[in-house]
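Thank you all for coming.

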Amino acid sequence: MPSHSAPQVVREAARRIVDLVLTEDDVHLDSLPDEVETSIAVPLTEVARMLEERTSDKEFRGGVRLLLEAGAEVVPRMPGELRHLFEELRFAVRGVAAR
């Protein structure tokens, strides 16, 4: 497996969360419990920006870690699909950190 594949796995996992939550009409974001929306909206928007601008892997991992930290306390209150995607992202980051 190429060495760039681990960072790509993190980007793909983050992209799935961005695509689920940050829709043009913000329907999903607005439907989240207030504490979840408050915790993840800003760091998730920053991760989305980083995905669009193709920032360095190091900078991107920092943004993703911030998102994971911000969402850590509210994961149990996230809807099932979002909770699953957060866990997937957390495991993807662990895989990159282990290399």
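By a salt bridge I mean a side-chain nitrogen of Lys or Arg within 4 Å of a carboxyl oxygen of Asp or Glu. Please keep in mind that this is a predicted model, in which local features need pLDDT of at least 70 and side-chain atom pairs count only at pLDDT 80 or more, while totals for chains, interfaces and linings use all residues. Residues are numbered from 1 along each chain as its sequence is written, and side-chain values use heavy atoms, with hydrogens and water left out.

The structure holds nine salt bridges, and one of them pairs arginine 16 with glutamate 88, whose closest N and O atoms are 2.5 Å apart. This pair links distant parts of the chain, since arginine 16 sits in helix α1 and glutamate 88 in helix α5, 72 residues apart; helices here are DSSP runs of H or I with at least four residues, strands are runs of E with at least two, and both are numbered from the N terminus.

A second bridge joins the side chains of glutamate 35 and arginine 77, at 2.9 Å from N to O, and this pair too links distant parts of the chain, with glutamate 35 in helix α3 and arginine 77 in the loop between α4 and α5, 42 residues apart.

Why are arginine 49 and glutamate 46 separated by about one helical turn? They are so placed because they are three residues apart in helix α3, and they form a salt bridge with the closest N and O atoms 2.4 Å apart.

Turning to the fold, the chain has five helices and zero strands. Buried residues, meaning those under 20% relative accessible area, as against exposed at over 50% and partly exposed in between, with a 1.4 Å probe and protein chains only, make up 39% of the 99 residues.

Finally, consider arginine 54, which lies in the loop between α3 and α4 and is exposed, at 54% relative accessible area. Its phi is near 50°, a positive value in a residue other than glycine, whereas most residues other than glycine have a negative phi.
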